[in-house]
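Please look over the sequence and the structure shown here.

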Amino acid sequence: FAFFAHSYGSVVAYELTRRLKEMGKALPEHVIVSARRAPHIASSVALTAHLPDSEFIAAMQNQFGAIPQAVLHDKSLLAMFLPIVREDIRLNENYIGSINPPLTVPLAVFSGVDDKSGATIDIDKWKETTVGPYLQKQFPGGHFYIDSARQEVIQEIAKILS
C-alpha cells in the first residue's frame, strides 16, 4: 500500500506512517505528500483561522481559490461550510510535528508552481523527514493543481508506484 495525501492530509499521512513504524506495523511502500509545508516547519504566512468571516473568506479565496461560487452565494450552505473549513485551517496553521525518528520509506513531495498558500515555502525541508529515497516534483497550477494537472499527477503517481 501507499499513501497519497493533499494539503493538511499530508500531515495525516506523515503522522500515520510514523505511528505505524512506532507500533512495528507494516509501512507503506511510498508516501506521497502534496501542497503542504514540511511538518516540522512553522507556518510563515499570516494566520487566518481567527479572522472574521468576511476576511477569512477573502483569505481562503486568495490563498487557495477554494470556496466554490455556489457555496459563496448560498448563505445557509456557507454557514454550514465555514466552521468546517475554519477548523481545518486552524489545525493546519498550528500543527508542528517532530521529524525524529525520520521515516524510512520513500517520500515524494508534490506541489503547484503557483501555490499561494505558503505550502511551497521551505518545501525542500520535507527531505529532512526521511532517510529513504526522496523525490520532489512541481506541477503547473496553484494549491489545487491536483485538479488542473490531474493527468500529470496521476501519471507521476503511477510512475512512482510501478
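The points below cover strand pairing, aromatic rings and salt bridges.

This is a predicted model, in which local features need pLDDT of at least 70, side-chain atom pairs count only at pLDDT 80 or more, and totals for chains, interfaces and linings use all residues. Residues are numbered from 1 along each chain as its sequence is written, and side-chain values use heavy atoms, with hydrogens and water left out. The structure holds five aromatic pairs and nine salt bridges.

**Strands**

- Helices (H or I, at least four residues) and strands (E, at least two) are DSSP runs, numbered from the N terminus.
- Strand β2 covers residues 30–34, and five of its five residues are buried, so the rest of the structure largely encloses it. Buried means under 20% relative accessible area, exposed means over 50%, and partly exposed is in between (1.4 Å probe, protein chains only).
- In a regular strand the side chains alternate between the two faces of the sheet.
- On β2, H30, I32 and S34 point one way, while V31 and V33 point the other way.
- β1 and β2 run parallel and are joined by five bridges. Two strands pair if DSSP finds at least two bridges between them.
- Opposite V31 in β2 stands F3.
- β2 and β3 also run parallel, with four bridges joining them. S34 has F110 in β3 as its bridge partner.
- A right-handed β-α-β unit is made by β1, α1 and β2. Right-handed means that, with the strands pointing away from the viewer, the path from the first strand over the helix to the second runs clockwise.

**Aromatic rings**

- Rings of Phe, Tyr and Trp (its six-membered ring) pair if their centres lie within 6.5 Å; planes under 30 degrees apart count as stacked, over 60 as edge-to-face and the rest as tilted.
- F4 lies in strand β1 (residues 2–6) and F110 in strand β3 (residues 107–112), so the pair ties together parts that are 106 residues apart in sequence.
- F110 is buried, at 0% relative accessible area, whereas F4 is partly exposed at 36%.
- F4, F110, F139 and Y145 form a cluster linked by ring pairs.

**Charges over rings**

- A charge sits over a ring if NZ of Lys or CZ of Arg is within 6 Å of the ring centre and within 35 degrees of the ring normal.
- R86 has its charged end over the ring of F56, 4.3 Å from the centre.
- Over the face of F139 lies K137, at 5.7 Å from the ring centre.

**Salt bridges**

- A salt bridge is a side-chain nitrogen of Lys or Arg within 4 Å of a carboxyl oxygen of Asp or Glu.
- E15 and R19 form one, with the closest N and O atoms 3.0 Å apart. They are four residues apart in helix α1 (residues 9–22), about one helical turn.
- E15 is buried at 15% relative accessibility, and R19 is partly exposed at 38%.
- A network of salt bridges links E15, R18, R19 and E22.
- R90 and E87 form a salt bridge, with 2.4 Å between the closest N and O atoms. Both lie in helix α4 (residues 75–94), three residues apart.
- E156 forms a salt bridge with K137, at 4.0 Å between the closest N and O atoms. E156 is in helix α6 (residues 150–161) and K137 in strand β4 (residues 134–139), so the pair ties together parts 19 residues apart in sequence.
- E156 is buried at 8% relative accessibility, while K137 is partly exposed at 30%.
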